[in-house]
Amino acid sequence: MNMTTNNILKAQQMSDASSFNPPWKNLAQFIEEAVSPPSSGRGARQYKDKTFLIYYDDDKNIREEFSYKRFNEHVNQTANFMRNVLSVKRGDKVATMMFNHFYTVFIYFACWKLGACVVPVDVDEKLDRKRYIIENSEAKAVFCWEDFLDEAKSIKHNLPALQYIVFIGEKVQKDVLNYITEIKKQSKILVEDSSTNLEADALIVYTSGTTGPPKGVILSQYNLLADADGIADWHRFTEDDRLMCILPIHHVNGTIVTLVTPYYFRGSTVLNRKFKSQTFWQKIARDRVTCVSVVPTILEFLLEADEDISKYELSNFKWIICGAGPLLVDTAINFEKRFNIPIMHGYGLSETTCYSCFLPVDLPRAEHTYWLSEFKFPSIGIPIRHNEMSIIDEHGRELDELERGEIVIRGRNVVKGYFKRPDANEDAFKFGWFKSGDEGFYKLDATGRKFFFITGRIKELIIRGGFNISPFEIDEALKTHPKVKFGMAIPFDNRYYGEEVAAYIVPKNGADVSEKEILEYCQKKLDFRKQPKVIIFGVDVPYTSTGKPKRLELKKNLQDKLLKYRDVQFKK
């Protein structure tokens, strides 16, 4: 066993002797047990007639509802089609070029019943990136919407390993299989392959890095169950809870929090084709949703829409889960004051399956607000069960309270590694932890619990004259300006300090704001080192499809405009 393999194994363990032993041999049993007599003889309740999935497509005025029984029948038909027509078997990779839809969920669960591995592909990615993911993952088949059929064909032409394209749509194609037509020919009963176990690969999720090729994060069936158990336990979800998904399910947040976790606690979920602020509160009320998982961008949109929610019956709604991007203190406090709904801020990565920590759900309101607002950054909370966290320096030494270093995680939700990337594995698991690449610190509460904070991506830190500056602090100040819709701190090369600070600003609609006005505002909010010295105005808000700001990409795109300031020494 080499050093890297040993470090990965260490990162998948806890420091104590606790264990997580799911009662299912594989995900096929986990899925099937909701509607069939349990093979384990545990006398588990069956949920055949209970609603599991509600699907909305607002643009097409579609609302479709699936009981556990009906959902499983569609999953079984899909799995039989994969097995009988595509020859998909345990260990095969199946790529999906699809958006949020119940068909997409059928395909995911069908793969897991067969012991196959899903490779989600963001339909908004550029063609060369889609090709790289499908080629690198060694996908045997790709499912796509008819809108992307030509792209899929062009990819298949260059990849002999890709044997099948299956499209979903109305087109008549002689050379390509139509999913909707084919599954109607299949049985609603699936014979389980008992050879699959929980160590089988379930997902390969490709990271959305802005430089270099994306890395494939390998998540096992065990990873999915461990994180679902941790999330359900933390939020005290029961079969009476209903979650809502407005995030893309090609990302782990949408998949794990609002698909796998509700199935785990035998609750239900509302899946949206896409987020619309105009119908957000209406759906929560209509379908008696108890929790929604969002990214900070969604909170901004809801604040901007400023809907009067007093007309809705929201007594079932508990709180909002928020993570997967930088949450500003100002955004969190404004949202909670405006809507009187608590935000359970959390943190995690694809490499930790999804969430690793949350704010405790039972904090008194004053203490909840304290952890959200008193440290320049909102706390991401404390670790959920099945994983633990720490802060380390560049030598792997664990740091003390309030010392800034790299956030690291280990436990049962930590990945098996990166697919075909031993170089990335060596660096990411160097000290027997998974190294997140995020800078942070922790603060102890009165009982000795560690409340963690994230201060920014280590690669995004602005290093001015040897002083590390978190861009989040500057983003926070920019966002509080009444005329600013979006503000982001951007580093640029400077002869005197190595890096200096610029700001990219998108004004609110109709707002007339000058560079001088922004600079003077920041002078009141920030010390000189952190103040933007240059303002660049734009009209586009640079977010990924999962709501993360594209800081490094924006920095790259603005290099030419900022080049003229390289030799300028900015003084007070």
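Biologist: How many helices and strands are there in the protein chain?

Modeller: The protein chain has 18 helices and 26 strands. Both are DSSP runs, numbered from the N terminus: helices are H or I with at least four residues, strands are E with at least two. Keep in mind that this is a predicted model, where local features need pLDDT of at least 70, side-chain atom pairs count only at pLDDT 80 or more, and totals for chains, interfaces and linings use all residues. Residues are numbered from 1 along each chain as its sequence is written, and side-chain values use heavy atoms, with hydrogens and water left out.

Biologist: What share of the residues counts as buried?

Modeller: Of the 572 residues, 60% count as buried. Buried means under 20% relative accessible area, exposed means over 50%, and partly exposed is in between (1.4 Å probe, protein chains only).

Biologist: What share of the contacts with a separation of 6 or more comes from residues 24 or more positions apart?

Modeller: Such residues account for 70% of those contacts in the protein chain. Contact means heavy atoms within 4.5 Å.

Biologist: What makes Asp-229 and Arg-385 a salt bridge?

Modeller: Check the distance. A salt bridge is a side-chain nitrogen of Lys or Arg within 4 Å of a carboxyl oxygen of Asp or Glu. The closest N and O atoms of Asp-229 and Arg-385 are 2.9 Å apart, and the pair forms a salt bridge. Asp-229 lies in helix 8 (residues 221-234) and Arg-385 in the loop between strand 16 (382-383) and strand 17 (387-392), so the pair ties together parts 156 residues apart in sequence.

Biologist: Which other salt bridge does Arg-385 make with an Asp?

Modeller: Arg-385 also meets Asp-233 in a salt bridge, at 3.5 Å from N to O. Asp-233 is in helix 8, and this pair is 152 residues apart. With 34% relative accessibility, Asp-233 counts as partly exposed.

Biologist: How do you know that Glu-499 and Lys-555 form a salt bridge?

Modeller: Their closest N and O atoms are 3.7 Å apart, and they form a salt bridge. Glu-499 is in strand 25 (residues 498-507) and Lys-555 in helix 17 (residues 551-557), so the pair joins parts 56 residues apart in sequence. Glu-499 has 14% relative accessible area, so it is buried. Lys-555, at 25%, counts as partly exposed.

Biologist: How many salt bridges does the rule give?

Modeller: The count comes to 43 salt bridges.

Biologist: What makes the phi of Asn-61 worth a remark?

Modeller: Most residues other than glycine have a negative phi. Asn-61 is not a glycine, yet its phi is positive, about 55°. Asn-61 sits in the loop between strand 1 and strand 2 (62-67). Its relative accessible area is 74%, so Asn-61 is exposed.

Biologist: Where is Asp-306 found, and what is its phi?

Modeller: Asp-306 is in the loop between helix 11 and strand 13 (319-322). Its phi is near 50°, a positive value in a residue other than glycine. At 43% relative accessibility, Asp-306 counts as partly exposed.

Biologist: Why is Glu-460 called buried?

Modeller: Its relative accessible area is 13%, so Glu-460 is buried. Glu-460 lies in the loop between strand 21 (450-457) and strand 22 (462-464). Leaving aside neighbours within four places in sequence, Glu-460 is in contact with Pro-471, Arg-551 and Leu-552.
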